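This report concerns the side-chain contacts of one protein chain. Please keep the sequence and the structure in view while reading.

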Amino acid sequence: MLRGPRSNNFLLGRLREILGVVGDVATVFDLWIGEYDYAFKVPTGLGTNRIVLSDPKAVAHVYANDGFGYLRATYSTTFSRALMGHNMISANKEEHRRLRRAVAPAFTNGLLRESMSVFYDSAYKLKAAWDFLFESRDEVTIDVQQWMNKLTLDTIGITGFGHDFKSLDGHKSPVSEGFDAFLRDNSFRVLLFLNYLFPPALNLPLKRIQIFKRMKKAFSDIAKVLVENYLQDEGSSNAEKDRSILGLLCKKFLNFPVSHSHDDPPTFHGTRLDNDSDLHQADKDDVVPLSHLTKTSSGKMVDSIFVPKGTVVTTPFVHMNRSEVFWGPDAKQFVPERWLKENLYPSKDFPSYRHRYTFSDGPRICIGRIFAVAEFKVLLIRNFTFELPSGPDSPIGKHKTFLVRPKLSDEVGTRLCTSHACQASDWLK
């Protein structure tokens, strides 16, 4: 029997802390792991428990069996299907493998090179928009997250759907509305919490739910148009030139001599539902090995733990990506030079991408990770220089939305305040 924190609420257990509805998730996991080691249980209400694993060997075991021995947690797939339709996040086993194989050709290095022109076009559009703001006013407040949403949406639209949302040009759409709402405040974490307690709550006419449903319909409409255009242009040069993800899916699926429905275009959303930890649900009884001996509630030291079928397992990469044990004493500090030196810490053996779990790992590792990294490099490294207003000691807080983002402690949201004169208080030049 694993140790763990006591429940402080019979109905909810410690669920509010785990989902980030109250408190800081990273701090909570750091405290629990410091007290109960790298494998422990957390009460989640009504007598249920969740196992939390940050032991490297145990985490590698779970990710290696992701999609078969360990599936997406039921409540997270319910949430995903309700807001985005059935997609690659909610799929498991052979269905997920089939979807993954279908989409994989659109995420190769060769296709990435072809997409770089789209990244550059969007980056220069953003640069031009910011330059105009700097030149037209003495002092400018820029909501960087909102602009990044626009840039990401435009690049995803063109490379993924063959559709230009024109967000950087100021055009509004249900999709851009959904992106903005997703990162505006903490209300979506509350929805996730409600979904866990009472899944039918996602059918209520709440504003945030309606925004996502409009976004889902917009994506579906775009996909239908693309399918219809492909069928009309089949065999022509236009069909061959379409190298978007959905265009490639059309070539793969619609060229087979099988019936298909225009009402059910392929869906491949790859957005994570949580950026604090990954959730898995054991599909069968399992014994998980540990790289460190762990003390049970009886005081016995064990090198493996038994995970019954149906148990939800959490791997808190928000801790593993910033643990002093895994990364050294400066793990929680921004030290980019660490990547230029030899890694002498245990994280060097992590099998994940660049030894971090930001993109998850195993068969369900983020399929668009190289696109995300390339887009970041094109925009930030090539065009802008960032400086903190008070130097390295500037206080940094967290902008707590569904996806946590950094912020200046004295600013609202993720806005950056800058002046055209580039004074000492500037952050962005």
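## Aromatic rings

In this predicted model, Tyr 38, Tyr 63, Phe 326, Phe 350 and Tyr 357 belong to a cluster that is linked by ring pairs. Across the whole structure, the search for aromatic pairs returns 12. One of them joins Phe 29 and Trp 32: the ring centres are 6.1 Å apart and the planes stand at 85°, so the arrangement is edge-to-face, as the angle is over 60 degrees. Both residues belong to helix α2 (residues 25-36), and because they are three residues apart there, about one helical turn separates them. Phe 29 is buried, at a relative accessible area of 1%. Trp 32 also counts as buried, with 7% relative accessibility.

A further edge-to-face pair is made by Phe 107 and Phe 371, whose ring centres lie 5.4 Å apart with the planes at 75°. This pair connects distant parts of the chain, since its members are 264 residues apart. Phe 107 is found in the loop between α5 (93-103) and α6 (109-136), whereas Phe 371 is part of helix α15 (residues 369-383). Phe 107 and Phe 371 are both buried.

## Charges over rings

The charged end of Lys 150 is placed over the ring of Trp 147, at 4.5 Å from the ring centre. In another case, Arg 354 lies over the face of Tyr 353, and the distance to the ring centre is 4.9 Å.

## Salt bridges

How many salt bridges does the model contain? The count comes to 12. One of them is formed by the side chains of Lys 332 and Asp 30, with an N to O distance of 3.8 Å. Lys 332 is partly exposed, with 41% relative accessibility.

The side chain of Asp 66 meets that of Arg 72 in a salt bridge of 2.9 Å, N to O. Arg 72 has a relative accessible area of 15%, and it counts as buried because this value is under 20%.

## A link between a helix and a loop

Lys 93 and Asp 283 form a salt bridge through their side chains, again described by its N to O distance, 2.9 Å. Lys 93 belongs to helix α5 and Asp 283 to the loop between β5 (278-282) and β6 (286-295), so parts that are 190 residues apart in sequence are tied together. Lys 93 is partly exposed at 36% relative accessible area, and Asp 283 is partly exposed at 25%.

## A nonpolar surface patch

Which residues form a nonpolar patch on the surface? The patch consists of Val 190, Leu 194, Leu 204 and Leu 206, which together have about 280 Å² of accessible area. Val 190 is located in helix α9 (residues 187-197). With a relative accessible area of 35%, Val 190 is partly exposed.

Note on methods. Residues numbered from 1 in each chain as written. Predicted model: local features only at pLDDT ≥ 70, side-chain atom pairs only at ≥ 80, totals over all residues. Heavy atoms only, no water. Patch = residues over 30% accessible without salt bridge, like charges linked within 9 Å, V, L, I, M, F, W, Y side chains within 5 Å. Areas by Shrake-Rupley, 256 points an atom, 1.4 Å probe, with all protein chains shown as cover. Salt bridge = Lys/Arg side-chain N within 4 Å of Asp/Glu carboxyl O. Helix = DSSP H or I, 4+ residues; strand = E, 2+ residues; numbered from the N terminus. Buried < 20%, exposed > 50% of the residue type's maximum accessible area, 1.4 Å probe, protein only. Phe/Tyr/Trp six-rings, centres within 6.5 Å; stacked < 30°, edge-to-face > 60°. Lys NZ or Arg CZ within 6 Å of the ring centre and 35° of its normal.
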